[in-house]
Amino acid sequence: MDSPNRKLHFCYTFLLWLAISLPTVKSSAQQLIFEQAYVLNNLLPSNECYHIFKDSQGYLWIATELGLCRYDGKYLKTYDDKKGIPEKAIYAFTNIKTGIWMASSAGRLFTLTDGNIHEKRLSVPLMQQLRKKDDFPYEMRFNKKLLINSKWASYILDTLTGSVQRLPPKVTTSKLELTDDGFQIFNSEISSVVPYITLIAKLRNRPEKKFKIPFRGKWCYRYLSAKMPGKFLFAYNDQLVEVDTALNMKIHTLPGDVSAMKVDAKGGLLIGMYKTGLLYYPTAVIEKPITALQRLSISSILQDEEGSIWCTTLEKGVFICRNNKIISYANLLGDSYRQTIFHSTPRQTFAMQSDKLVRLDINGKDRPASEHETPELIEEMVGRHAKFCFHQNEHLFDLVRFGQNSFFGISYPHLYHIDDQKISTYKIPMPGRCLAVLDSNHVLFGTGDALYRFSVRKKSYERLTDIPARPLCILVTSDKRVLVGTKGKGILQYVNGKLRTFLSSGIINDMQQEANGIIWLATNDGIVKHFPNGKQIRYDASNGLPSKYIYRLKISGERIYLNTSEGVCSFPKDAELRNLKQMPFRLISSTANGKSIDLAENPALPFPINNINLKFHLLSFANQHHKVRYRLSPTDNTWKEQSASEISMENLHPGKYQLTVFGKNSDGVLSKPISLSFSIDPPYWQRWWFILTSIILAVALLIWLTSLFFRRLRRREKEKNRIDQLLAESRLAALQAQMNPHFVFNCINSIQHYIVAKETDKACDYLGRFSRLIRMVLLYSREREVTLSQEIELLSIYVSLEQLRFAEHFDYELKVDPDLDCGQVKIPALLLQPHVENAIWHGLLPRTEKGRGKLSIIMEGTLNGIEITITDNGVGREMAKKNNAGSLHRSTGLKMNTQRMAMLNQLYKTKFFSSTIEDLYDANGQSKGTRVKVNIPSQHD
């Protein structure tokens, strides 16, 4: 290797030669970035395309050899001989307010209105004229009348009268008229017989002037015109005639025959040529063109509302340039990612690939800088900084200028300090990646795992901090912030010995800062413009960049230069590359449950037609990364976004709905909204008449069921009562059946007593009374109730029998309330007899006191019925219990009567059948009898 001094001498000698020699060399290396419209070309019936234009609705139309095609960015519709264009090919067209006029290869005239093609009556006379000379139209203009230029002649058509006039040809000359509206071309056939073309200028406020334009070439049938700010252009063959408003004329010779010409929105000129590609003049100055599509025949040029430039070709279909602000240098540098960018003056930028050094001039003077091999040192110089590369031994990843006459460079194993005296080499612990000047004494550099600071005075470095990801670039900003771009961790900021996140994620390959503080970031996902306030704008391939992979970037003057995976490109740093145009948004189709519907008429859909599918399309051709933003009121509270252009709404509930839909392009620009209103009728079971009818039927059913329930309940209750009554009656009858034998037994005992005692008269009297009593008991036993008089008679006979039996041992007293109707009042049969019997047998008979016993029965009416009081002056219940303690006789009458009272209460659903027994005492507390009260309700039937 040469000595360091020799290397430096060679480097500076080369730079001096570069600064002197490069500005004097001219080349046309700059290109617009075109790409084939692959989706469109795959749909076209033919790659031989003649015209491209856009209609008022935003659709793209392409005239091909095999038909006219309408394209919406996704779907293609072809009009050919089966759909109204017998010749298939459209050769000429013009766009006017009422629609688009077109002419087929045979001269058949059509209009395009609202997406429909209509043949005009002027077709017949025009076709007759063209057939005479095997002619075809190639240009149409409309200025009060329709002017058609064909291969051999010019025709004026009156659309009102339907007349066709062929302009007479001139043998020796061809005439052009120039007005304020542009060129009017007459007698289009030009051949070598014609020595010149006559141009008659008739501009407002200018005297008429004639020019003679020398004819160049053997013959010409097609020539074009255009109007630029301040000048008029006319082209035939390879000649471009320029006439300004002062009527000064210039003639430019182009590299090929002109086949299309278009003035863009910024006043630049686009010229398509036959088999020579495209020329682009960004300004009104017709020099230093930018080229594109070399070796292709450009048949038509269109710039749409989004700024994209479309070109049809005769060989390879349609091409699109998404952004004419971006210039590529791939024809000089190729598309290798190893190429690098640098610049040495504010107006010149240099790039190098392998052994080729190229100057990129914004004025179009791009050329190889040297035909010799690049020196082994020097790959980049950027303003006051320079970056170099050792091509023979080591690759320098980064190099910066330090002071006026020295540089620092970094490679895999070394850090280099290069000054005008020597090259100092410092071994670094890890492969180096990037450099940045911190101040007049320090340089920062990054390795694979850490950030270091090198001291020039101490000639040593120190480790500042670890880096969690590989550092790819370092930027010291104007306010002395240290930013480290990494592979995968975004941008880290070094502050007080620590790293903190400045930008959260991504691969940052390079960073540059403008004077106004804006930082440009080269990433693997495009280029990012980072503003001081934190706002960011991202540009990628959808904005016209050749690739989203940006490896290096440089700011040179007013332009940004990028090194991408598809080559080097540049654009003005203040240019807006985003598509901020609001594009048309269309509803393509709408279906409900699979059947087509028209939502524009606010339809009311019958239930269950509640599954709605809508297809939309945003007529944006710059890129296809569109989204749909929508909200369905009242069900959606927030806006929804999706990449698919199809919206499906399933199982919608009945009600009124308002759907608002926006199209959204890749740059976030929303289209005008589409608002659709529709409603879904409720099912019949949710309608008012059905609900009302259902309520009425439900109420009626409820009433019927309630009535049925209560009828059944009453029936069951009645049946239960009947059963209970039968059961109570059977139990009562059983009790009566038990009581009657008991009474009979006692009476027979009395008769037996009289017979044994041979008291025949008494026995006969007793037997007579007994037989009468038996007849009454047998009779009353069949009855549930008897009258009060019958019960009194039965009790009187019974008491008289007991008096006879016990030798008038007691007196009997009966008192009846005179208000009681004894013949009508009824009481249960044999209800009182057990109490009377108990008073006699257990109260009066055991009495040992002097005087006769007394039995008193009092019957009185009460509010609830009858109260019967049975009183005796016997021994009382206490003495009776003692007297009966050793007796075998057990009185069952009272017990059965108590049970009978309970059954009567149950049978008659009352609680007024009752009996109470009360012991009576004298003043000394001695028992003097018992009182029984029996209550019988008056209404117990």
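A crossing of two helices is called left-handed if the near helix is turned anticlockwise from the far one by less than a right angle, and right-handed if clockwise. In this predicted model, the crossing of helix 6 and helix 7 is left-handed, whereas that of helix 7 and helix 8 is right-handed.

**Helix packing**

Helix 6 spans residues 760-781 and helix 7 spans residues 788-805; their axes come within 10 Å and cross at roughly 150°. Because angles over 145 degrees count as roughly antiparallel, helix 6 is roughly antiparallel to helix 7. On the side of helix 6, the contact involves Asp765, Tyr766, Arg769, Phe770, Arg772, Leu773, Met776, Val777 and Tyr780. Helix 7 contributes Gln790, Glu793, Leu794, Ile797, Tyr798, Ser800, Leu801, Leu804 and Arg805. By class, this contact of helix 6 with helix 7 comprises 11 nonpolar, two polar and five charged residues.

Helix 7 also packs against helix 8 (residues 833-844), at an angle of about 20° and with the axes 11 Å apart. Helix 7 is therefore roughly parallel to helix 8. The residues in contact are Glu791, Leu795, Tyr798, Val799, Glu802 and Arg805 of helix 7, together with Gln833, Val836, Glu837, Ile840 and Trp841 of helix 8. They divide into six nonpolar, one polar and four charged.

| Helix pair | Axis separation | Angle |
|---|---|---|
| Helix 6 and helix 7 | within 10 Å | roughly 150° |
| Helix 7 and helix 8 | 11 Å | about 20° |

**The sheet and the helices across it**

An open sheet of mixed pairing is formed by five strands in the order 68-70-71-73-72. Strand 68 (810-816) and strand 72 (914-921) are its edge strands, each pairing on one side only. On average, neighbouring strands of the sheet are turned by 15° against each other, direction ignored. Within the sheet, strand 71 (residues 865-872) pairs with strand 73 (residues 927-937) in the antiparallel sense over eight bridges. Thr871 stands opposite Arg931 in strand 73.

Helix 7 lies across strand 68, strand 70 (853-861) and strand 71, and runs at about 170° to strand 68. Helix 9 (residues 876-883) lies across strand 72 and strand 73, running at about 105° to strand 73.

**Ser123**

A separate site is Ser123, which lies in helix 3 (residues 123-131). Its relative accessibility is 0%, so Ser123 counts as buried, the cut-off being under 20%. Leaving aside residues up to four places away in sequence, Ser123 touches Gly107, Arg108 and Leu109.

How values were computed
Residues numbered from 1 in each chain as written. Predicted model: local features only at pLDDT ≥ 70, side-chain atom pairs only at ≥ 80, totals over all residues. Heavy atoms only, no water. Axes fitted to C-alpha atoms, helices over the stretch in contact; angles between N-to-C directions. Helix = DSSP H or I, 4+ residues; strand = E, 2+ residues; numbered from the N terminus. Parallel < 35°, antiparallel > 145°, perpendicular 65-115°, else oblique. Contact = heavy atoms within 4.5 Å. Nonpolar A, V, L, I, M, F, W, Y, C, P; charged D, E, K, R; others polar. Buried < 20%, exposed > 50% of the residue type's maximum accessible area, 1.4 Å probe, protein only. Pairing = 2+ DSSP bridges.
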